Every structure is written in C-alpha cells, then in structure tokens.
Amino acid sequence: MSQLRRNLLVTGAFVGLGMSLGLGVSGRARASEYQSNWRWCRRCQALFWGGRGGGLCRMGGPHDGSASANYIVATSERAPGQPGWRWCHHCHSLYLPVGDTRGVCVHGGEHGIESSASYRLSAGADAPGQHPWRWCRVCQCLFYAGSSAVAPCAGGSVHDPSQSGDYGLLSID
Ligand SMILES: [Zn+2]
Ligand SMILES: [Zn+2]
Ligand SMILES: [Zn+2]
C-alpha cells in the first residue's frame, strides 16, 4: 500500500468521525469556533481567506471573491469535522496536506504552512451547508465543483476531485 493511500485511509477515518459529530450541528454553530471572510474565487473556484487581500490566483493576479458568500470555517477543536486543513500564506487558499505533501501552489513549490490555524471541514452527504465542495488531489485545495465554469488548477489543467469526499461549507450571509 502506498504512503498516499495509507494517508487517505486515515483521512477517511476522520471524515467518518466528523460526520457522526456533525449531525444536528447545523443552525447552532458557535461563532467563536469559526472564522469568517472565507471567499469563493469565481475564476479558479478555490476557497480563499479574504482577510489579507486576494492572495494569488491560478488565473493571474489576486483571487476574485466579488461573487462569493461569506463562508465560515471551523477553527476550534470542539467543532465537528475533519481536522488538519491549512491556510497558505502565499496564495491564501485552504488546502489539506497529505503526510508531508502540501500540494502545488501558484507561488511555486508547495503551499506555505506559516501562520495557519488547523481548520476543520465536515464531509458526507449530511454535512451541513453548501455542496458540492471538493478536495483537489493535485493542488490539495478545496474548490467548488458545482459550477459549470472551468476550474483551473495550479498543478495542471483543471482541479481533480477523484479522491475527494463530499464537503459542505457553511456561510453567514
Ligand atoms: Zn482564484
Ligand atoms: Zn498556496
Ligand atoms: Zn487543483
């Protein structure tokens, strides 16, 4: 069994845990356990944090969050979901490391891990919030897979959701 496959199985165990804890949480999420101002980029489909500008988009320049809701992502250990998601201080996207692999960043090389909290996301058909958000196995970012627009990936042509769970994302407006 490859290292990647092993890590995905471990990840899957956490997804299961998140699902069981996540049921019934919708509608009573505590604000202190979530960070707001996460935005969907209409150009590359990735989720990025808008609190420090637009970061770096695969399409050139900063991400474009102008058509996005105000998404919230859990930061507390008490919140439900799969832990270990990180914010990249280069491109400002949310990504999930797999072992020592941190995915392809627009900045060049792998995503940065400095200054990031450990974020949590809930997965599964019952996860509260908007679907379908997916993990790209190449850039390892979270992206919205429900758009008919092309979803350009920093690691190649388009994002690859083939090994992703079905993530749900909460928003507050
Ligand atoms: Zn973008
Ligand atoms: Zn990055
Ligand atoms: Zn990608």
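Colleague: Which residue in β3 is the bridge partner of Tyr34?

Modeller: The partner of Tyr34 in β3 is Ala74. Strands are DSSP runs of E with at least two residues, and helices are runs of H or I with at least four, numbered from the N terminus. Ala74 belongs to strand β3, residues 71-74. Please note that this is a predicted model, in which local features need pLDDT of at least 70 and side-chain atom pairs count only at pLDDT 80 or more, while totals for chains, interfaces and linings use all residues. Residues are numbered from 1 along each chain as its sequence is written, and chains are lettered from A and ligands numbered from 1 in the order in which they are written.

Colleague: What is the mean pLDDT of the protein chain?

Modeller: The pLDDT is the predictor's confidence in each residue, from 0 to 100. Its mean over the protein chain is 85, and 83% of the residues reach 70 or more. Over residues 1-27, however, the pLDDT is below 50. Beyond near neighbours in sequence, that stretch has 33 contacts in the model, a contact being two residues whose C-beta atoms, placed from the backbone, lie within 7 Å.

Colleague: Why is Ala74 called buried?

Modeller: A residue is buried if 20 or more other C-beta atoms, placed from the backbone, lie within 10 Å of its own, exposed if 12 or fewer, and partly exposed in between. Ala74 has 27 other C-beta atoms within 10 Å and is therefore buried. Leaving aside neighbours within four places in sequence, its contacts include Glu33, Tyr34, Tyr119 and Arg120. Across the protein chain, buried residues make up 40% of the 173 residues.

Colleague: How many bridges join β1 to β2?

Modeller: Three bridges join β1 to β2, residues 47-49, and these strands run antiparallel. Trp38 stands opposite Trp49 in β2. The hairpin of β1 and β2 has six residues between the strands, and there Gln45 takes a positive phi near 75 degrees.

Colleague: Which other residues have a positive phi without being glycine?

Modeller: His92 has a positive phi of about 70 degrees and lies in the loop between β4 (82-87) and β5 (94-95). Gln140, with phi near 65 degrees, is in the loop between β7 and β8 (142-144).

Colleague: Why do His92 and Gln140 count as buried?

Modeller: His92 is buried because 28 other C-beta atoms lie within 10 Å. Gln140 counts as buried because it has 25 C-beta neighbours inside 10 Å.

Colleague: Which residues touch the most other members of the largest nonpolar core?

Modeller: A nonpolar core is a set of buried Ala, Val, Leu, Ile, Met, Phe, Trp, Tyr and Cys residues joined through C-beta atoms within 7 Å. Of the 43 residues in the largest one, Ala46, Leu47, Leu94, Cys141, Leu142 and Phe143 touch the most other members. Among the contacts of Ala46, leaving aside neighbours within four places in sequence, are Cys141, Leu142 and Phe143.

Conventions: Two strands pair if DSSP finds at least two bridges between them.
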